[in-house]
Amino acid sequence: MSSPFHPGEQAIQTRVGVREQVEAMGSRMIRDHMPEQHRLFFAQLPWLLVGSLDSDGQPQASVLWGKPGFAHSPEPSLLRVNARPQADDPLAANLHSAARIGLLGLELPTRRRNRMNGPLLDNDAEGFALAVQQSFGNCPKYIQARDWHWHDRSAGPLEQGDGLDPRWLELVKRSDTLFIASQHLDPETGGVDISHRGGTPGFVQLRDDGRLWLPDYSGNQMFNTLGNLLLEPRCGLLWVDFASGDLLQLEARAEILWPGQGGSAGLPDLPGAERLVALTPGRWRLRRNRLPLGFDSARPSPFLPQGH
């Protein structure tokens, strides 16, 4: 059987010395269908994180929402999402017949998360459906738990621009959660992925070089996101303001920095980081007061590295 991991993932697994063990684990964990517990899990969520590609191949990270059950699996090989992106969400233009989509189901109160990706099968006025290409679970590390409730909001304006901007930098500096969309380019086996990253508030830092520095902590060792970024450095980032419902969508280019590598100064300042991802900001959209969910105070992850 072919490996469930592409060459970028394999290269990083080899570099950190976990290639054989992760190959065996991935062959068991990564499925071409959704097990029953995953199907039930997606159906109880009020939101869904979505990774997509625009017409230039730039990854975009988005979030959709609806009453639990809006995402559901009629059969193990299919996931249906009964929600439409807002007109100013990049996802609105990215749902087309040739689209590949990545999904992340994240249940903040319990820290459960499952990922799924696959091609678009159907796109209509009610939502869209995906064929399951890969389905697998993720560990709960670094997720800040939050209880949620519905919160009616009057949608605010769209602000947009290019590069660093004080209009969104304050949100980044105080956030403890972000989502990152990336892709693998292979026309046969490639796809889009969206993943969670978490830490204490301020874990993403702005450095003097004008880049945002994201610490990469010890995780499941599959290196799905880093493997994608090794081969295609473009990514899409999403920050959620859990107080206001603001959504920041930022395009970026990523560079993976390893201990001892030139340009990796700053690693000692980020306790627990095994690597750094330096992100060069590009185009951005700040969509004010959009997410109709309210959240209680965060319960910090017990897995956060000492020193945070």
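Which residues is Leu237 in contact with, leaving aside its neighbours within four places in sequence? With contact meaning heavy atoms within 4.5 Å, Leu237 touches Ala61, Leu178, Phe179, Ile180, Leu248, Gln249, Leu250, Ala252 and Leu279. This is a predicted model, in which local features need pLDDT of at least 70 and side-chain atom pairs count only at pLDDT 80 or more, while totals for chains, interfaces and linings use all residues. Residues are numbered from 1 along each chain as its sequence is written, and side-chain values use heavy atoms, with hydrogens and water left out.

**Nonpolar cores**

- The largest nonpolar core has 36 residues; such a core is a set of buried Ala, Val, Leu, Ile, Met, Phe, Trp, Tyr and Cys residues joined through side-chain atoms within 4.5 Å.
- Buried denotes under 20% relative accessible area, exposed over 50%, and partly exposed in between (1.4 Å probe, protein chains only).
- The residues with the most contacts inside this core are Trp168, Leu212, Leu237, Trp239 and Leu279.
- Two or more residues each are given to this core by helix 5, strand 11, strand 14, helix 6, strand 15, strand 16 and strand 17; helices (H or I, at least four residues) and strands (E, at least two) are DSSP runs numbered from the N terminus.
- Strand 16 provides the largest share of this core, five residues.
- Another core, of 22 residues, lies apart from it and includes Phe41, Ala71, Leu91 and Leu95.

**Helix 5**

- Trp168, Leu169, Leu171 and Val172 are buried in helix 5, which spans residues 166-174.
- These residues are on the same side of helix 5 because they cover an arc of only 160° around the axis, the arc being that of the directions from the helix axis to the C-beta atoms.
- The buried residues of the helix pack against strand 13 (205-206), strand 14 (212-216), strand 15 (234-240), strand 16 (247-257) and strand 17 (275-287).
- Asp165 caps the N-terminal end of helix 5, with a side-chain oxygen 2.8 Å from the backbone nitrogen of Arg167.

**Aromatic rings**

- The structure holds six aromatic pairs; rings of Phe, Tyr and Trp (its six-membered ring) pair if their centres lie within 6.5 Å, and planes under 30 degrees apart count as stacked, over 60 as edge-to-face and the rest as tilted.
- The Tyr142 and Tyr217 pair is tilted, as the ring centres are 5.1 Å apart and the planes are at 55°.
- Tyr142 lies in the loop between strand 8 (134-138) and strand 9 (148-150) and Tyr217 in the loop between strand 14 and helix 6 (224-231), so the pair ties together parts 75 residues apart in sequence.
- Both Tyr142 and Tyr217 are buried.
- Phe242 and Phe295 form an edge-to-face pair, with ring centres 4.9 Å apart and planes at 80°.
- Phe242 counts as buried at 12% relative accessibility, and Phe295 counts as buried at 13%.
- Ring pairs link Trp47, Phe179, Phe242 and Phe295 into a cluster.

**Ser182**

- Ser182 is found in strand 11 (residues 177-184) and counts as buried at 0% relative accessibility.
- Leaving aside neighbours within four places in sequence, Ser182 is in contact with Pro59, Gly191, Val192, Asp193, Thr225, Asn228 and Leu229.
- The C-alpha atoms of Ser182 and Thr200, 18 residues apart along the chain, are separated by 23 Å.

Technical notes: A polar contact is a pair of N or O atoms within 3.5 Å; within protein, one must be able to donate a hydrogen and the other to accept it, and residues adjacent in sequence count only if both atoms are side-chain atoms.
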